[in-house]
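Dear colleague,

I am passing on the structure we spoke about, with the sequence alongside.

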Amino acid sequence: MSLRISWSRGIWLPVQWRLDKNQRGVALTIDDAPMPDTTPMLLDLLEHHRATASFFLSGCRVAAHPGLAAEIHARGHAIYAHGWDHIRLDQAGPERLRADMARCEALLAEIRPTPKPYLIRLPYNGGWRNRMVHRTLAEWQPGCRIVHWSAPTEDHLIAPRCVTPADVEHECTAQADRLLADPALPGSIVLMHDQPINERPGAEFKPAVTVTLMRQLLEGFERTGLHTVPITGPDHQPFWSRFAMVW
Ligand SMILES: [Zn+2]
């Protein structure tokens with residue numbers, strides 16, 4: 001893997017890919033929630049396996065199901081804003097970016113105090129190396145950091161591959177096994193979705209894929225002795241990294 005560097009005049013926020021060096025657990029992150037036909041089952045699975053997750057919620061879905069967002073928090077999981085609409089906010093301009101994040105967080109702030117430092121995941125991760133995005137987010141939530149991932153489940157590609165309901169179990173098993181076999185999994189940030197927001201085919205399989213993959217991952221973590229942890233990161237950002245983002 002080659003390292004690349006993006007330069008700025010001191011405006012880069014921290015971008016986190018993995019957990020702290022000494023952390024052997026995995027941070028499970030779930031984007032695009034909540035959805036009434038899957039979120040309650042995800043919460044039951046997490047509870048059953050004594051697991052914790054960080055949810056990056058889509059404001060448009062929270063507005064439709066505010067009780068579900070409150071339940072995620074009440075059952076011990078972290079909740080952060082993933083924008084209001086699921087669009088490329090980096091292409092929508094600074095006003096829209098800020099408004100979308102703020103509108104979503106305003107709903108979440110009715111459920112819990114706004115966390116400090118704030119963790120941000122942009123829809124489609126759009127603009128994670130964009131100077132306007134970093135400047136706008138820093139003004140909106142000083143001290144925030146962008147949370148990337150090191151272990152993508154690529155679950156958004158599973159439903160489009162399914163033709164019959166039987167394919168779901170098979171495809172999810174293959175995907176979970178691939179992830180669990182990765183020696184770099186301890187210390188990683190895992191990305192999955194609660195019914196990914198996209199226009200891909202196979203939409204009818206999304207609920208089953210979401211729940212099946214979560215079950216397979218949690219069973220796999222247990223089998224391999226991995227425990228889930230909240231997203232922990234560096235306490236402070238090295239000064240140089242405001243100028244040079246290494247990725
Ligand atoms: Zn998303």
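First, two points on reading the notes. The model is a predicted one, in which local features need pLDDT of at least 70 and side-chain atom pairs count only at pLDDT 80 or more, while totals for chains, interfaces and linings use all residues. Residues are numbered from 1 along each chain as its sequence is written.

I begin with strand 4, residues 53–57; helices (H or I, at least four residues) and strands (E, at least two) are DSSP runs, numbered from the N terminus. Five of the five residues of strand 4 are buried, so the strand is largely enclosed by the rest of the structure. Here a residue is buried if 20 or more other C-beta atoms lie within 10 Å of its own, exposed if 12 or fewer, and partly exposed in between, with C-beta atoms placed from the backbone. Both faces of the strand are covered, with Ala53, Phe55 and Leu57 buried on one side and Ser54 and Phe56 buried on the other.

Strand 4 pairs in the parallel sense with strand 3 (residues 27–33) over five bridges, where pairing requires that DSSP finds at least two bridges between the two strands. In this pairing Thr29 stands opposite Ser54. Strand 4 also runs parallel to strand 5 (residues 78–81), to which four bridges join it, and there the bridge partner of Phe55 is Ile79. Strand 3, helix 1 (residues 39–48) and strand 4 together make a right-handed β-α-β unit, meaning that, with the strands pointing away from the viewer, the path from the first strand over the helix to the second runs clockwise.

Next come the helices. Helix 4 (residues 94–108) and helix 5 (residues 131–140) pack at an angle of about 45 degrees, with their axes 10 Å apart; the axes are lines fitted to C-alpha atoms over the stretch in contact, and angles run from 0 to 180 degrees between N-to-C directions. The two helices are therefore oblique to each other, given that angles under 35 degrees count as roughly parallel, over 145 as roughly antiparallel, 65 to 115 as roughly perpendicular and the rest as oblique. On the helix 4 side, Pro94, Leu97, Arg98, Met101 and Ala102 meet Met132, Val133, Thr136 and Trp140 of helix 5, contact being counted when C-beta atoms, placed from the backbone, lie within 7 Å.

In the loop between strand 5 and helix 4 you will find Ile87, which is partly exposed, with 16 other C-beta atoms within 10 Å. Not counting residues up to four places away in sequence, Ile87 touches Ala92 and Pro123.

Finally, the backbone. Most residues other than glycine have a negative phi, and most peptide bonds are trans. The peptide bond from Ala33 to Pro34 is cis, with omega near 0 degrees, and Pro34 sits in the loop between strand 3 and helix 1. The bond from Lys116 to Pro117 is also cis, with omega near -5 degrees. Asp32, in strand 3, has a positive phi near 75 degrees and is buried, with 23 other C-beta atoms within 10 Å. Asn125 has a positive phi near 55 degrees and lies in the loop between strand 6 and helix 5, where Asn125 is partly exposed, with 17 other C-beta atoms within 10 Å.

With best wishes

How values were computed:
Contact = placed C-beta atoms within 7 Å.
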